[in-house]
Amino acid sequence: MTTQFNAAIRLHPDDNIVIALKDLETGVQLPDLDQPLPQPVARGHKIAIRDIALGEKIVRYGQTIGVATSAIAPGEHVHVHNLGMGGHGADYAFSTQVQPLPAPSEKRHFMGYHRADGTVGTRNYLGILTSVNCSGSVARFIAEALEKQGWLSEFENVDGVVPIVHGTGCGMSGNDEGYDTLFRTLQGYARNPNFAGILLLGLGCEVMQVPDLVGRGRMRSDSNFRYMTIQQSGGTRKTIERGVEQLREMAAVANKSVRAPAGLEHLMVGMQCGGSDGYSGITANPALGAASDMLVAHGGTTILSETSEIYGAEHLLTRRAVTPEVGAKIVERIHWWEEYTARNGGQMDNNPSPGNKKGGLTTILEKSLGAVAKGGTAPLTQVYKFAEPVTERGFVFMDSPGYDPCSVTGQIASGANLIVFTTGRGSVSGYKPTPCIKLATNSEMYSRMSDDMDLNCGDIVSEGVSLEDKGREIFELFLRVASGEQTKSEELGFGGAEFVPWQMGAVM
């Protein structure tokens, strides 16, 4: 029998499992095993390399990903049938592993749109931002009317008009956490540097009042901002007519913006993973972590989010927090999430999803350890609530659900002018006004869905590309996309349906 080398990988010397790097048949001999496999194992899935007793911790990345729910023999497939939650501790060791990154050897820049408030956009859109679900259709009608008239093509520097619609804004409390979160989200979108101007559109009688957003919200610091309500404007047709007129005026202003060099301190990248698989924590996520470190070293900012998907790995972030107080904010958010899920009849191990499990991930602990790899090694400079403005540069964390459209919505509201998204199963989406780069974790999916994927990270396994080299490739892609190169999701037209504010509190 021939031993198959490079068919599985052991990620840490302390691990008691290996990860299959391809579909393995019964009888295959692996170097870490003394006997052939007793059953087939799909790529991305786990294989025990020694006897594991009932209740014993199962270790991947040198970290606990759960405990054995039955005795496991060497060579046995380790998954939902014999691995469950448990065994993870909470040694936060605040600020004990803060290591500043080395300074880069050269100063880099991208070509962006400089705004009045000092921020820099990677795109130059106009937005129709709705205060409430009731104005969503009219916002789309205005955008459709613009498209039919065709005059927007006269403005070569304007990327387009984006209707930002959602399903809330009324039937809610006007003074609770849900209201505050939506308020921050709308305010943040209005201020995102990828918008050259905003038309705020309401119905008129909703809880999320347009006058409050305009007054207390102080939506934009420039003059390219308009607002109106359908009721005050005289109904649908008159609102469409007036909206088209307003946007034509705004387009003339936006068209004066041209790309100019900007330092990387003006680049803010929201990092996401979705449709994850067993490769995510081996290829795309750590490669993105390397790219994140490169950007941070150049003065830029990267945002890690999805609090429910760092659960069980938060101790890796608290150790890198610049102060114990910053680290404590992560722990506070974890405790909030434990209470939040409990009162809503859920639990923190509701994740991974069925697709994640099919790809080889079993517990949220395992998924979280791979997800945190996106954050590289840089010090954690600050922790923010959902859609709070990010004001500290460097590597930061923003609290959010693991539901990707919602999490990205928060990052864009916080100021992200670029999104990067790793996927193993093949997620498809886009997030106007912010371009989204898709990184494939494995070569097979990349080949199958190459029209949707911007970069393959599967060659880390299939061709031996180093994480550092792949990280550098991702970093250079950041700069090209920030300077105007279109992503696959932009070419396909994604981004019109992925604005998903975090709905909290009672719907009344």
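Is Y189 buried or exposed? Y189 counts as buried because its relative accessibility is 2%, where buried means under 20% relative accessible area, exposed over 50%, and partly exposed in between (1.4 Å probe, protein chains only). Before going further, please note that this is a predicted model, in which local features need pLDDT of at least 70, side-chain atom pairs count only at pLDDT 80 or more, and totals for chains, interfaces and linings use all residues. Residues are numbered from 1 along each chain as its sequence is written, and side-chain values use heavy atoms, leaving out hydrogens and water.

Let us stay with the aromatic rings. The structure holds 12 aromatic pairs; rings of Phe, Tyr and Trp (its six-membered ring) pair if their centres lie within 6.5 Å, and planes under 30 degrees apart count as stacked, over 60 as edge-to-face and the rest as tilted. Helices (H or I, at least four residues) and strands (E, at least two) are DSSP runs, numbered from the N terminus. F499 is buried too, with a relative accessible area of 9%.

Next come W336 and W337, whose ring centres are 5.7 Å apart with planes at 75°, so this pair is edge-to-face. W336 counts as buried at 12% relative accessibility, and W337 is buried with a relative accessible area of 5%. Together with Y340, F386 and W502, W336 and W337 form one aromatic cluster.

Rings also meet charges here. The charged end of R43 sits over the ring of Y279, 5.6 Å from its centre, and the charged end of K438 sits over the ring of F421, 5.4 Å from its centre. For this, NZ of Lys or CZ of Arg must be within 6 Å of the ring centre and within 35 degrees of the ring normal.

Three of them form an open antiparallel sheet in the order 9-8-14, with strand 9 (120–121) and strand 14 (260–263) at the edges, each pairing on one side only. Two strands pair if DSSP finds at least two bridges between them. Strand 8 (residues 109–114) is joined to strand 9 by two bridges, and Y113 stands opposite G121 in strand 9.
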